[in-house]
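Please keep the sequence and the coordinates in view while reading.

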Amino acid sequence: MCAFFAENTLSFALREKTKAIHDRTDHRIMSMGLFSSLNGYRMFLLSQYIFHRDITKIYEDETLLRILPDLKSRNRFACIEADMRDLHLPPPPASSGDVIPFNPSVAVGWLYVAEGSKLGANILSRMSLALGLTESFGARHLAPAPEGRGQSWKVFKAAIDGAEFDQNMCVAAADEAFTRFVTCLDLAQKLMEDDTINGAVKGRAML
């Protein structure tokens, strides 16, 4: 694809227009030292659980499934639930009501953030190994797709670039998704300070 056409795609607009908030989110994650200890990783995992619980219905949408047939298999929520069980984390209380007002263009903006995070998960997966976590224990949701991270991302970008979505809505939704993940980090931090969560972790770890 020549530069002109590449720069007029939805995926290019999403990358360029969310770069600042994307960088701030990455900096927040790394500055918290979440991969320096198991409890830090538990905090990260809780934030992932809350965020992906927010968006899990998107992976069932019939409109998006026609555009991206492998959409359901991209959903990492079941892997996150399994990782939570491995690390003795009880699920946090559900939020009231739908977090995302559903619209295909809005959904794609959120998916862009979720799918893009799988590329960064390559680094996080290696960092989790130092904590004794693997793609079959505790860090399942950080594992690459069977076809590889790069190929999975290319397929996703080609699908959204070939469909007709409202670019402004997609970008605004992606901004909301990054903001929401930072909120999820804050919520996870509070949960890890909660006696109920801490007690459950310590009690189950001793079994």
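In this predicted model, the largest pocket is lined by 37 residues, and those that lie nearest its centre are His22, Gly116, Ser117, Leu119 and Gly120. Two or more lining residues come from each of the helices α2 (10–17), α3 (19–31), α4, α7, α8 and α9. Among these contributors α7 gives the most, with 10 residues. The space in the largest pocket comes to about 870 Å³, and its lining divides by class into 19 nonpolar, 10 polar and 8 charged residues.

About 50 Å³ of space lies in the largest cavity. Its lining is made up of Leu64, Ile67, Leu68, Leu71, Val108, Leu111, Phe156, Ile160 and Phe165, and at least two of the lining residues come from each of α5 (62–67), α7 and α8. By class, this lining has 9 nonpolar residues, with no polar and no charged ones. The helices α7 and α8 are therefore named for the lining of the largest cavity, and they are also named for that of the largest pocket.

The charged pairs form another part of the picture, with a count of 10 salt bridges in the model. Three of them are set out below, with the distance between nitrogen and oxygen.

| Salt bridge | N to O distance |
|---|---|
| Arg180 and Asp54 | 2.5 Å |
| Asp70 and Arg74 | 3.0 Å |
| Asp83 and Arg140 | 3.5 Å |

The pair formed by Arg180 and Asp54 links distant parts of the chain, with Arg180 in helix α9 (residues 167–193) and Asp54 in helix α4 (residues 38–55), 126 residues apart. Both Arg180 and Asp54 are buried.

Which residues are linked with Asp70 and Arg74 in a network of salt bridges? The network joins Asp70, Arg74, Glu115 and Lys118. Within it, Asp70 counts as partly exposed at 25% relative accessibility, whereas Arg74 is buried, with a relative accessible area of 3%; the two fall into separate classes because buried means under 20% relative accessible area.

The side chains of Asp83 and Arg140 also meet in a salt bridge. Asp83 lies in helix α6 (residues 77–86) and Arg140 in the loop between α7 (104–129) and α8 (149–161), so the pair ties together parts that are 57 residues apart in sequence. Asp83 is buried, its relative accessible area being 0%, while Arg140, at 25% relative accessibility, counts as partly exposed.

Just after α6, His88 takes a positive phi of about 60°.

Notes
Residues numbered from 1 in each chain as written. Predicted model: local features only at pLDDT ≥ 70, side-chain atom pairs only at ≥ 80, totals over all residues. Heavy atoms only, no water. Salt bridge = Lys/Arg side-chain N within 4 Å of Asp/Glu carboxyl O. Helix = DSSP H or I, 4+ residues; strand = E, 2+ residues; numbered from the N terminus. Buried < 20%, exposed > 50% of the residue type's maximum accessible area, 1.4 Å probe, protein only. 1 Å grid on protein atoms, 1.4 Å probe; cavity = no way out; pocket = protein on both sides within 12 Å on 5 of 7 lines; lining within 4 Å. Points joined across faces, edges and corners; volume = space filled by probe spheres on them. Nonpolar A, V, L, I, M, F, W, Y, C, P; charged D, E, K, R; others polar.
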